[in-house]
Amino acid sequence: MILLVVSRNLTHVTVKNKTLRLLTFIPTPIGNIGDISLRAIELLGEADILLCEDTRVTKKLLHILQTRYNTQPKENQEFISLHSHNEQSFVEKLEPSFFEQNVVYVSDAGMPGVSDPGALLVNYCQQHAIEYDVLPGANAVLTAYVASGFDEGKMLFYGFLDHKGTSRAAQLQEALYNGYTTVLYESPHRLEKLLKELAKEVPYREIFLAKELTKKYQKYLKGTAETLLKSLNGNYKGEWVVVIESAPKHNSSAISESDIISLDLPKKVQAKLISKITGENTKEVYQRLLQL
């Protein structure tokens with residue numbers, strides 16, 4: 001029996017004769033199965049219910065663990081699909097009694113809640129005083145950021161930009177001029193578009209690309225967007241993380257550098273205007289414009 005005692009904004013859950021157990025968020029390898037942690041293996045084997053971004057992917061992972069590490073998962077484990085399209089409705093129907101069993105959440109690859117479902121479940125646990133834990137583990141954002149070599153010591157993660165329209169243009173401006181090293185995810189069929197946008201918008205900025213992180217065909221590339229386009233030569237297959245070198249922050253309402261370059265103005269005037277919005281030295285901007 002569940003007794004709910006509500007005090008102002010906090011709901012306390014008391015259970016008679018039953019104990020609410022932990023909900024655990026388990027990161028999974030982003031490529032190399034050897035990156036799975038011992039804690040993750042143990043908790044996956046002990047779970048009564050596995051909430052999965054894709055049940056097929058999770059079952060395949062457990063099969064690999066069983067084959068490679070001789071793990072023995074609990075009998076009669078229940079696999080429930082929980083993805084971005086049904087997370088809201090699933091959480092709305094949840095009852096605290098659901099967590100009287102060992103429950104874990106597993107995304108397809110990487111850290112739950114980072115461009116994957118999970119945040120709504122965390123909020124539910126917080127609102128209903130249900131204990132939860134998040135295991136550390138594989139994460140493409142931090143892996144690519146460290147591999148990039150950009151040493152500003154601070155970064156922002158934007159996930160996937162909108163596909164098109166004014167919202168994409170606005171997000172791109174925000175990503176480029178926020179004052180931080182910026183990390184994006186990009187799909188293979190849109191990477192070329194992004195690189196062409198970067199080549200036009202910030203032709204001088206260094207870009208780091210990480211392809212298929214931790215997998216057999218992992219690859220690192222670094223250079224200007226134009227250089228990367230030539231290096232890739234139309235080969236955009238794979239999963240990509242894009243790390244963009246930082247630049248001084250400027251007002252989001254300001255016109256972009258490419259807008260200034262397109263104006264019929266002397267390069268010295270363009271350099272002065274660009275330095276106003278980027279904070280760069282005017283002489284350095286002018287020398288860069290001479291090379292375009």
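**Close-up 1. The buried side of helix H2.** In helix H2, the residues Thr-55, Thr-58, Leu-61, Leu-62 and Leu-65 are buried, where buried means under 20% relative accessible area, exposed means over 50%, and partly exposed lies in between (1.4 Å probe, protein chains only). An α-helix has 3.6 residues a turn, so residues three or four places apart point the same way. On the other side of H2, by contrast, Arg-56, Lys-60, His-63, Thr-67 and Arg-68 are exposed. The cover over the buried residues of H2 includes helix H1 (38-46), strand S4 (49-52), strand S5 (78-81) and strand S6 (103-106). Helices (H or I, at least four residues) and strands (E, at least two) are DSSP runs, numbered from the N terminus.

The model shown in these views is predicted, so local features need pLDDT of at least 70 and side-chain atom pairs count only at pLDDT 80 or more, while totals for chains, interfaces and linings use all residues. Residues are numbered from 1 along each chain as its sequence is written, and side-chain values use heavy atoms, with hydrogens and water left out.

**Close-up 2. The length and the two ends of helix H2.** Helix H2 (residues 55-69) has 15 residues and reaches 21 Å from its first C-alpha to its last, which is close to the 21 Å expected at 1.5 Å a residue; the expected span is 1.5 Å times one less than the number of residues. At the start of H2, a side-chain oxygen of Asp-54 comes to within 2.9 Å of the backbone nitrogen of Arg-56. After H2 comes Asn-70, whose phi is positive, near 55 degrees.

**Close-up 3. Two loop residues with positive phi.** Most residues other than glycine have a negative phi. Asn-70, in the loop between H2 and S5, has a positive phi although this residue is not glycine, and at 59% relative accessibility Asn-70 counts as exposed. Ala-129 likewise has a positive phi, near 55 degrees, and lies in the loop between helix H4 (119-127) and strand S7 (132-134). With a relative accessible area of 38%, Ala-129 is partly exposed.

**Close-up 4. The largest nonpolar core.** A nonpolar core is a set of buried Ala, Val, Leu, Ile, Met, Phe, Trp, Tyr and Cys residues joined through side-chain atoms within 4.5 Å. The largest one has 24 residues, of which Leu-191, Leu-195, Leu-198, Ile-207, Leu-209, Leu-232 and Val-242 touch the most other members. Helix H6 (165-176), helix H7 (188-201), strand S10 (207-211), helix H8 (225-232) and strand S12 (240-244) each supply at least two residues of this core, and H7 gives the most, with five residues. A second, separate core of 18 residues includes Phe-25, Ile-80, Leu-82 and Leu-121.

**Close-up 5. Arg-190 in helix H7.** Arg-190 is found in helix H7 and is buried, with a relative accessible area of 15%. The side chains of Arg-190 and His-189 are joined by a polar contact of 3.2 Å, a term for a pair of N or O atoms within 3.5 Å; within protein, one must be able to donate a hydrogen and the other to accept it, and residues adjacent in sequence count only if both atoms are side-chain atoms.

Key. Contact means heavy atoms within 4.5 Å.
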